[in-house]
Amino acid sequence: MVGIQAHTETYWDGLARAYAALGPPLRPTRGEIAALERSVAAYAAQTGDRLLRGLMLGVTADIATMRWPARCSLLAVDLSREMIRSVWPGDIAGVRRAVCGNWISLPARPSSCDIAIGDGSMNCVSYPDGFRAVAASVFQALKSEGIYVARCYAQPERKEEPAAVMESLTGRENPTFHHFKFRLLMAMQRNVKEGVAVDEVYRYWAQYGLDPAVVAERQGWDVAGVRDIALYRDASTVHFFPTLEEQRSLLREYFDELSCSTDACVLGERCPMLVLTPRRAAGGRPGT
């Protein structure tokens, strides 16, 4: 399967309305936003005074509102109109705007963008075909000296078992339900090409018959966050969690890796941030 899954009312639209309640690792931490700002600022410092064009896969509000260079405009692309309506902080003429579009065919001229950013974006497409197609699309949109900063969701080399994640509900190792759910999603992926259907995750959770209010009170979590796992029920969405090395193996076809960092937070090692630059001779672009 190549492509980005069409959003469904039961998942992407519902997620859009619940987005404000999400927390790390499903949204970047303050430390990760600071790292993004440093990467963008360092790149801008090397480009003189010319105007810069930024491109974002998705409409992550924390990234849209972070500190961007004053001479940089941002274009955000998302397939879900509801995500744009509910999550995007709003267009500002000459500063930022969001459009509905497909990451495999980005609405940007070839070699027109200086900076591209994706926050867990590659995990929304199939692996390896969709992953490769999005990487190629970003590559085509970037200038040869541009950068692609990707916050990835990476399956640990030693995968957890779903039962072990469920057992963690008796302890304090998950600061929030979002951390628990993130671990469960990865644990339930049988293999990277198949990915994990969110409906399957919901059904596995539901078979335990846990009361969200009781779980939330016992763990000190927000009960609304626990109840939001119902957004997974009957949804057709599938997520894909390659290991970091599996992601690198495909990204190398189009990009050279400049750096890799992780935030010092719970599960930070599963959210590595890669700073990449287009390979000069990749994808038909002539070497220079």
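Pro-25 is placed in the loop between helix H1 (9–18) and H2, helices (H or I, at least four residues) and strands (E, at least two) being DSSP runs numbered from the N terminus. A cis peptide bond, with omega of about 5°, joins Pro-24 and Pro-25. The peptide bond from Tyr-127 to Pro-128 is likewise cis, with omega near 10°, and Pro-128 is placed in the loop between E4 and H5. The structure is a predicted model, in which local features need pLDDT of at least 70 and side-chain atom pairs count only at pLDDT 80 or more, whereas totals for chains, interfaces and linings use all residues. Residues are numbered from 1 along each chain as its sequence is written, and side-chain values use heavy atoms, with hydrogens and water left out.

Seven strands form an open sheet of mixed pairing, in the order E3-E2-E1-E4-E5-E9-E8, where two strands are taken to pair if DSSP finds at least two bridges between them. Strand E3 (96–100) and strand E8 (255–261) are the edge strands, each pairing on one side only. On average, neighbouring strands of this sheet are turned by 20° against each other, direction ignored; axes are lines fitted to C-alpha atoms, for helices over the stretch in contact, and angles run from 0 to 180 degrees between N-to-C directions. Strand E2 (residues 72–78) runs parallel to E3 and is joined to it by five bridges, and the bridge partner of Ala-76 in E3 is Ala-98.

Helix H2 (residues 30–45) lies across strand E1 (52–57), strand E4 (113–119), strand E5 (142–151) and strand E9 (273–278), and runs at about 170° to E5. Helix H5 (residues 129–141) also packs on the sheet, where it touches E1, E4, E5, E8 and E9, and its direction makes about 140° with that of E5; contact means heavy atoms within 4.5 Å.

Helix H7 (residues 177–187) packs against helix H8 (residues 198–206) at an angle of about 115°, with their axes 10 Å apart. The two helices H7 and H8 are therefore roughly perpendicular to each other, a class that spans 65 to 115 degrees, while angles under 35 degrees count as roughly parallel, over 145 as roughly antiparallel and the rest as oblique. In this contact, Phe-177, Phe-180, Leu-184 and Leu-185 of H7 meet Val-198, Val-201, Tyr-204 and Trp-205 of H8. The contact residues divide into eight nonpolar, no polar and no charged, where Ala, Val, Leu, Ile, Met, Phe, Trp, Tyr, Cys and Pro count as nonpolar, Asp, Glu, Lys and Arg as charged, and the others, Gly among them, as polar. H7 is mostly covered, with 11 of its 11 residues buried; buried means under 20% relative accessible area, exposed over 50%, and partly exposed in between (1.4 Å probe, protein chains only). The cover of these buried residues includes helix H6 (162–167), strand E6 (196–197), H8 and helix H10 (223–227).

Arg-270, in the loop between E8 and E9, is buried, with a relative accessible area of 8%. Residues up to four places away in sequence aside, the contacts of Arg-270 include Phe-182, Arg-183 and Met-186, which are among the buried residues of H7. Ser-111 counts as partly exposed at 37% relative accessibility, whereas Asp-234 counts as exposed at 53%.
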